[in-house]
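Thanks for asking me to look this over. Here is my note, written for reading with the model open beside you.

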Amino acid sequence: MDEQKRLRDYASKTASSVASATIKSLKPSWKKYWDERTHAKHDKQLSAIKNPLTYTPLPRPSCIRLLTIWPGERADAIYCSLRVVDLDQRPRYTALSYTWELGASWKSTTYNFFRLSAMGEQGNDSKAEGLVGVADETKKKIICNNQVAEVQPNLYSCLLQLRQTQPGDYWIDAFCMNQNDDEEKAVQVPMMHRIYGDASLTIVWLNACPTFMSPGIQQLLAWSRDEHAQKTALFKKDPSTAFAVVYLLSRRWFRRLWVLQEMCIPRKMVFWFGEHQLTEQDLIMALNAVKTGLHDIVPASWGGNRFSSYGMRHWGGQLRYFPTNVQLRQLYHSHGRWTLDQWLQATKGRKAKDPRDLVYGGMALIQKSCLRIDTSLQLAGADDGDITAHSQSTPVKLWPEIRVDYTASVAGVLINLAACFLSQGPDNGGMRLLSIASRARDYDAMDEYWDPLTKSMKGPLPSWVPNPGNEASLAVEMLYNQGGAHFKACTAKRNNPRISTDGFKLYVDAAKLGTIEGPDWEAVAELEASELENRNDSENSDEIEGISVLARDFAGLGLTDHAMNYGGTLPQGFLQFFVDLPSVSGSGMGTFEAMARVMTGGMARTNRHGHEEIPIVAAAASDALGQQSQQPFMTSQALRTGLCGLLGVYMAKIESELQRISGAKDTEWVERTIKFVSEESELYDRLKRKYPAENWWREGKERSEEEKKDEQDFAEAHSRAMRGRAVKRMKGLEGGHLVLVPSWVKEGDVVMLVKGGYVPYVFTPYELFLERMSTLVEGWKKIDMKDPKVNETIASELKLAEKGVKRAEENLTTKAGGWILAGEAYIEGVMNGEMADDTSDSWFERIAIV
């Protein structure tokens, strides 16, 4: 019997293999036959029509066009028709939300997820596409009103699906607005509130679903809608489901800027992924499955723990968007339109092809009263003492209010946006503009933008003007509304901001607190992490990866890693920095407590609701509307206990990693690692001897529940506060101070109090900025660009930096003496107005922010 069974199994497998091979061999032929037959019919239908699609003007401001999608056979060209309707007559239609671009292919998504996650890099679609192959963006043709219209491939695939499953009347912006008529767009864009609000349904098109991923999406839907099935982790049942879920959550739609209004306004919406229809809850469940189940995708024996840690690091930015969208939708429906502050927070890191849409995309969501501009903020020529030093850029005049105008320059729109924010007045937080505008500016070219008017790269924008689309703005959440902390560093004093005649400078009253000084731990971390990274191509890369993570873990940014207990890594060089730190008494407390407070940014204890972290943007918006009450702050003892715990976890982790790699074949590497761990252990012991009264971890001592809670609260506050920031020392105030500043702040930058500011701010003298750029370029020029090992990115960055230096030199005469905004600062003993209350107005001086 056993022999017969083996023969049957063999025959079955052989038949299956033959069948698979036969299908595989026939597939190209069948595909070619089908494509030729389909294209032949398409071409015949399209060739009979010569005229391109034309538009007639809309008769009234309340009118829109609707696109009727007609049924048809699979091989037919897509037939549609446009008609004009009046919204006042309450027509019935479905609105469509989608992205014009096709987005990353499944190949690039898979590559991005596995390879770039394993490298621990912040990936994006363009990076992966460059490695795997760019998705086909060739336009397709359809027949509309018996005329030929071209459409992007993503919309074409959507039209095919709609024709098959739900033909009817739709509002689709690519067809229903004349995209070549700026006057029509200026009328239609402000109507988005009515267009999406009056639609009976809004369909979100997330791209066509690859056929082989359909079983995975079906498993997701079954699991999401069955409480009993949810007792088993989704990816444990079938790890291949992860490919489909990751691809689904990686769609470009989730981070698109226009999505905000298209998500918030509709009364009813459904998400289409090809033929699959999903609800908001289905997507939330998918998100949670990825956040909690990455370790189930790759077995631990294959490096699954490492993959999970890197995977979440790589996808953290991507996965933040959908829960934020959901909460903003709830906020909008419960409290109505947003303030300008809330809109600008929600747009951080969003994508828009036209930078002006960073403003126009919110017209349907922002309160009308928040769009007015006080034109008296702009100085007249005779009142502007700096009139002879204006830039050569086209002057920008302030508008009475923000309006949709696609003939206006990008700089003009965003400068008016900044002026609109300043017009809110001191009582409504006008000076918070500086917090929202903060972003990295290592060299001017980083702040370039695409100008649709000239179809070329322009820039830079003034540092005080918000540029929400700048990816660096995502690196740091704003201090003034983090974790329940409500700072008022200088709100008691009123500023009198003014904008220069040409619109490119902002004059404010500020007082210098001190200058950032070195050394700090970033330089040490970056150097040593680079040396460790060089060994990652060895045959023992899997064994040594863990210790390498510790050395390079967001070097200098102070991030903790939630994959390690409740946050356990510190940037390499921190212990040396802490041990060598002189006494800082300016804050009125001991150095150890001062460090603990600065490392948490003065944040309150967090409210933990399970494993789901509420995005800071939504939390801030909720807080601004009075939904979030002030949370209790950590006591002095809790802060110090928490810092001891964080250091203890860090040491325990690197010592355990040392044990894990002890069997590696690369003895040289092991010796270097042992040396590194020994040095860190010695520094840790020195730190304990320097602060003997602190609650250090001791072998054999059990931590109380209260101590564990303090450690967890500290780790969570530290993780959020230090995201994209670093602790540095500031000289200038009596006793010395520790400051928490963005990681790009450097020695020589100046910390100032700004009248009306909620927090202190860091500025870079323009001349120092130019000097840094020149030094950067000279350093890069020494690199042998002919070396094939040189990353192409370096060569590209060098060109941008050289361009930035040239532009900065040209503007030196117009910006000399000016200050570039670098970001917010946290300084213990200053945040609640202590310093401002004790100083007179004579301490402040007028500065020009450029």
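1. **What you are looking at.** This is a predicted model, in which local features need pLDDT of at least 70 and side-chain atom pairs count only at pLDDT 80 or more, while totals for chains, interfaces and linings use all residues. Residues are numbered from 1 along each chain as its sequence is written, and side-chain values use heavy atoms, with hydrogens and water left out.

2. **Around Asp-86.** A salt bridge here is a side-chain nitrogen of Lys or Arg within 4 Å of a carboxyl oxygen of Asp or Glu. Asp-86 sits in strand β2 and Arg-60 in the loop between α1 and β1, so the pair ties together parts that are 26 residues apart in sequence. Helices (H or I, at least four residues) and strands (E, at least two) are DSSP runs, numbered from the N terminus. Asp-86 is buried at 11% relative accessible area, whereas Arg-60 is partly exposed at 43%. Buried means under 20% relative accessible area, exposed over 50%, and partly exposed in between (1.4 Å probe, protein chains only).

3. The Ser-62 side chain makes a polar contact with the side chain of Asp-86 (2.8 Å). For a polar contact, two N or O atoms must lie within 3.5 Å; within protein, one must be able to donate a hydrogen and the other to accept it, and residues adjacent in sequence count only if both atoms are side-chain atoms. Ser-62 is buried, because its relative accessibility is 13%.

4. The structure holds 27 salt bridges. One of them joins the side chains of Glu-280 and Arg-329 (2.9 Å, N to O). Glu-280 is partly exposed at 21% relative accessibility, and Arg-329 is buried at 10%. Arg-729 and Glu-517 form another salt bridge (2.7 Å, N to O). Here Arg-729 lies in strand β14 (residues 725–731) and Glu-517 in strand β13 (residues 506–517), 212 residues apart. Both ends are buried, with Arg-729 at 18% and Glu-517 at 16%. Separately, salt bridges that share partners join Asp-88, Arg-194 and Asp-198 into one network.

5. **A positive patch.** Which residues form the positive surface patch? They are Arg-90, Arg-92, Arg-267 and Lys-268. Patch residues have over 30% relative accessible area and no salt bridge, with like charges joined within 9 Å. Arg-92 belongs to the loop between β2 (79–86) and β3 (94–97), and this residue is exposed, with a relative accessible area of 69%.

6. **Two backbone angles to inspect.** Most residues other than glycine have a negative phi. Asn-145, however, has a positive phi of about 55°, and phi of Asn-146 is near 60°. Asn-145 is in the loop between β4 (140–144) and β5 (147–151), and Asn-146 lies in the loop between β4 and β5 too. Asn-145 counts as partly exposed at 33% relative accessibility, while Asn-146 counts as exposed at 55%.

Definitions and conventions: Patches are made of residues with over 30% relative accessible area and no salt bridge: like charges are joined within 9 Å, nonpolar side chains (Val, Leu, Ile, Met, Phe, Trp, Tyr) within 5 Å. Accessible areas come from the Shrake-Rupley method with a 1.4 Å probe; for residues, only the protein chains shown count as cover. Lys and Arg count as positive and Asp and Glu as negative; His and the chain ends are not counted. The place of a charge is taken as NZ of Lys, CZ of Arg, CG of Asp or CD of Glu.
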